[in-house]
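Open your viewer and get ready to click.

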Amino acid sequence: VTPEKAYYYSTGFTGSLDLTWTEDDGSITFSYKQDQQPSTYGELRTVNTVSLSGRYNYTQRLQLFSSIRYSRSKSDNITTNKISRDFWMYTLYGRYRLTDDFSTMLQYSHIRYNNKVADDIHNSNAVFLQLIYEIPISLQ
């Protein structure tokens, strides 16, 4: 006996919209994106992402950045068509320029992932300290 094969075809919209407001000392960006991706179950899923981020130049040497992002994926299965995953991410960092070429950055990120299919929620936190050296290159 040969197992039956089920084929499922779907179409969907993909695209993004970014709106940015810029001032001399910073900017705010709102973004919306819709994407189509294959799921681990073999069907198409629609992923919608909304984010809001801001950058502020506190001084010439100190820059602050913050963003919050929410993603929701929905299975494109004809019988269920349910939201299968939620994803939240919050990031905050400060970058301080010690010299023209050398700076340091301290970053905090929090992620909350909710897999509704498996009824599983995960939270994670991360703190990074980066040392950044920019190599000056002169092309003349």
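Select Q37 and show what surrounds it. Leaving aside neighbours within four places in sequence, Q37 is in contact with E43, L44, R45 and V47. Contact here means heavy atoms within 4.5 Å.

A word on what you are viewing. This is a predicted model, where local features need pLDDT of at least 70, side-chain atom pairs count only at pLDDT 80 or more, and totals for chains, interfaces and linings use all residues. Residues are numbered from 1 along each chain as its sequence is written, and side-chain values use heavy atoms, with hydrogens and water left out.

Stay on Q37. Is Q37 buried, exposed or partly exposed? Q37 counts as partly exposed because its relative accessibility is 26%. The cut-offs are these: buried is under 20% relative accessible area, exposed is over 50%, and partly exposed is in between (1.4 Å probe, protein chains only).

The side chains of Q37 and D35 make a polar contact at 3.3 Å. That term means a pair of N or O atoms within 3.5 Å; within protein, one must be able to donate a hydrogen and the other to accept it, and residues adjacent in sequence count only if both atoms are side-chain atoms.

Next, pick S75. S75 is 38 residues from Q37 along the chain, yet their C-alpha atoms are separated by 9.6 Å.

Zoom out to residues 26-38. This is strand β2, and Q37 lies in it. Strands (E, at least two residues) and helices (H or I, at least four) are DSSP runs, numbered from the N terminus.

Which strands pair with β2? Select residues 15-23, strand β1: β1 and β2 pair in the antiparallel sense over 9 bridges. Two strands pair if DSSP finds at least two bridges between them. A hairpin of 2 residues joins β1 to β2. Click E23, and find G26 of β2 opposite.

Go to residues 44-57, strand β3. β3 runs antiparallel to β2, with 13 bridges joining them.

Move on to residues 62-75, strand β4. Again the strands run antiparallel, and 13 bridges join β3 to β4. The hairpin from β3 to β4 has 4 residues. Select V47, one of the contacts of Q37; S73 in β4 stands opposite V47.

Finally, show the whole chain. How many helices and strands does the protein chain have? The count is 0 helices and 7 strands. Of its 140 residues, 23% are buried.
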